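Subject: Model handover and findings

Hello,

Here is the model for your files. Please open it alongside this note.

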Amino acid sequence: MSGDGGRPVVLELRDVSRIFRMSRGPFRRDTITAVDHVSLRVRQSDVLGIVGESGSGKTTLSKMMLGLLAPTSGDVLLDGKPLSDFSRRVLARRIQFVFQDPYSSLNPRRSIGSIIAQPLYIHGIGTRMEREKRARELLDVVGLPARVFDNAPGQLSGGQRQRVVIARALALNPKILVCDEPTSALDVSVQAQILNLLLDLRTEFDLTYVMVSHNLNVIEHMTTEVAVMYLGRIVELAEAGSIFREAAHPYTKILLRSAMTIAPGGGIPDVHFDRNDPAYKRPATPPLSLL
Amino acid sequence: MRAQTETIAGERQTRHLPRWMRHTGLTAGAVILVIIVLMGVFAPLLAPQDPYEQNLLARIVPPVWYEGGSWEHPLGTDHLGRDYLARLLYGARVSVFIGVTVAFVSGIIGTVLGVTAGYFGGKTDVVISFLITARLALPVILVALAIVALFGSSLTVVVSVLGLLLWDRFALVMRATTQQIRDADFVMAAKVQGASTLQIIVQEILPNVATNLTVVATLEIAQAIVLEAALSFLGLGVPPPLPSWGLMLAEGKSFILFDPWLITIPGVLLFGLVLAINLVGDGLRDVTAPDSRN
């Protein structure tokens with residue numbers, strides 16, 4: 001893409017596929033291709049948005065970026081080296097994850113302070129006192145009051161919990177944050193706060209984001225580039241501005257039209273989406289010029 | 001800031017305390033349990049006489065409230081003239097010791113197996129589930145009888161046999177609860193942070209299954225005590241002259257028609273102890289139910 005050739009590629013997917021085997025009864029085996037020959041490049045300081053409907057393979061893709069799932073074929077490269085070359089601990093210092101559901105991603109039996117300090121503990125960084133000090137700093141970085149340090153996760157609101165999740169993800173100073181629908185479980189009023197926090201942190205720590213979402217408003221607000229996924233493939237990949245102005249793929253157009261707005265009289269969008277229409281079947285990979 | 005944190009913590013405590021006290025079953029069970037445990041612990045101080053000292057001239061003296069009873073032996077004497085109260089107090093020691101030790105041993109075995117099966121799933125789960133099924137197919141009393149017949153009866157043998165046999169409920173419950181939380185996001189979060197499997201199990205899984213573990217442990221303590229009584233009644237539990245409530249029942253059974261108190265007193269105590277433990281177990285389960293957490 002134009003203008004970003006100077007920045008190094010930090011995360012690259014090369015022709016990555018992931019096939020799940022499903023067992024249906026003792027003799028029947030089905031396979032589901034969750035991610036189908038996807039290639040992507042993420043440059044330093046990029047915010048790559050991945051949109052698509054439920055089941056389009058977004059979460060599988062983000063799990064493969066984190067090394068939680070191995071691709072069936074293809075390579076995931078971090079700084080030009082395959083992910084399998086990294087141990088789980090080394091990987092953890094480079095790439096971290098922000099979860100969709102801030103309720104289940106915090107261990108209900110631990111205090112906020114120990115949750116944030118946990119990555120440091122796992123990696124054996126600092127003494128107990130130093131880790132506590134760092135956890136308090138991180139609380140401040142994500143805009144939480146110091147008094148929540150000894151609270152249990154159950155005593156915090158959804159937005160506060162998501163701030164804790166972000167603080168934990170930042171504890172090891174990662175370069176890349178993969179955010180899986182970071183605001184979809186939150187109140188509308190809190191969503192903007194969390195997104196702005198993520199944007200502020202990006203400039204403060206020079207972070208690179210991969211942001212998975214099906215909320216187009218979030219994508220438009222946050223990202224520099226957008227990849228549209230449909231049935232496990234990337235059907236369109238473009239800079240954020242252009243995709244909202246001139247969507248090329250028919251599925252992207254549908255996606256844009258089906259977004260709800262709060263404009264008066266807007267009503268529920270009426271989208272005619274015939275899945276049997278040849279245009280939506282087994283999408284082709286995007287033109288190579290986009291990569 | 002600090003003061004505010006303290007009030008939050010304080011509020012949490014006052015909210016929990018009445019709930020604990022309000023649970024009648026839990027409170028009643030805990031009181032009975034504490035009394036029996038104190039009886040066992042302070043047996044040497046409380047016992048009026050040596051529980052092993054025989055006096056054939058004072059055999060089967062009835063308790064003080066029957067005709068012919070005296071304060072010298074408040075609960076009478078058994079068929080060898082040993083003081084019944086002293087034997088009951090020392091018997092509480094044996095029962096509680098066996099219950100707790102057996103639950104501890106089987107708890108460790110069951111938790112290791114259950115958490116392993118639940119966390120790893122797949123083939124590991126198949127193998128461990130088979131072990132659990134095989135164990136459930138073994139009749140405990142029969143196996144215990146066979147082993148005691150082979151090795152002779154002693155406290156150690158009884159504790160090890162029961163400990164090695166009673167882990168099935170631990171394993172089943174731990175497996176199920178581990179399966180429930182193994183896929184929780186906070187477990188995945190620990191993985192993303194680079195935690196080792198052992199770290200995940202110890203720091204993420206175990207704290208979340210601890211309450212279930214406590215509940216199962218109390219129920220297993222009760223079961224171990226009843227089984228010890230049954231084995232002792234059959235003459236294959238703790239060897240005489242060690243006083244155990246089950247053994248006292250066995251020794252008293254020939255006098256059931258003429259001196260029924262020889263059976264009823266240890267019987268009632270055994271019933272009370274097992275009831276108390278079960279009340280505590282049920283109460284703990286109610287009080288630590290998920291809705292009262294967080």
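Below is what was found, element by element.

This is a predicted model: local features need pLDDT of at least 70, side-chain atom pairs count only at pLDDT 80 or more, and totals for chains, interfaces and linings use all residues. Residues are numbered from 1 along each chain as its sequence is written, while chains are lettered from A and ligands numbered from 1 in the order in which they are written.

Strand β9 of chain A

Helices (H or I, at least four residues) and strands (E, at least two) are DSSP runs, numbered from the N terminus. Strand β9(A) covers residues 225-230; 6 of the 6 are buried, so the strand is largely enclosed by the rest of the structure. Buried means that 20 or more other C-beta atoms, placed from the backbone, lie within 10 Å of the residue's own. Both faces are covered. One side has A:E225, A:A227 and A:M229; the other has A:V226, A:V228 and A:Y230.

Two strands pair if DSSP finds at least two bridges between them. β9(A) pairs with strand β3 (residues 47-51) of chain A in the parallel sense, over 4 bridges. There, A:V228 is the bridge partner of A:V51. β9(A) also runs antiparallel to strand β10 (residues 233-239) of chain A, with 6 bridges. A:L237 in β10(A) stands opposite A:A227. The β9(A)-β10(A) hairpin has 2 residues between the strands, and A:L231 takes a positive phi near 50°.

Open sheet of chain A

An open sheet of 4 strands has the order β2-β1-β4-β5, paired antiparallel. Its edge strands are β2 (28-43) and β5 (81-82), each pairing on one side only. Strand β4 (residues 73-78) joins β5(A) over 2 bridges. A:L77 stands opposite A:P82.

Helices α3 and α5 of chain A

The axes of α3 (residues 112-122) and α5 (residues 158-170) come within 7 Å and cross at roughly 30°. Axes are lines fitted to C-alpha atoms over the stretch in contact, with angles from 0 to 180 degrees between N-to-C directions. That makes α3(A) roughly parallel to α5(A) (angles under 35 degrees count as such). From α3(A), A:I112, A:I115, A:I116, A:Q118 and A:P119 meet A:V164, A:A167 and A:R168 in α5(A). Contact means C-beta atoms, placed from the backbone, within 7 Å.

Chain B

UniProt places "domain: ABC transmembrane type-1" (unreviewed entry) at residues 96-281 of chain B. Such annotations may be inferred rather than shown by experiment. Over residues 96-281, chain B is 82% helix and 0% strand, with end C-alpha atoms 15 Å apart.

Best wishes

Technical notes. A residue is buried if 20 or more other C-beta atoms lie within 10 Å of its own, exposed if 12 or fewer, and partly exposed in between; C-beta atoms are placed from the backbone. Angles under 35 degrees count as roughly parallel, over 145 as roughly antiparallel, 65 to 115 as roughly perpendicular and the rest as oblique. Two residues are in contact if their C-beta atoms, placed from the backbone, lie within 7 Å.
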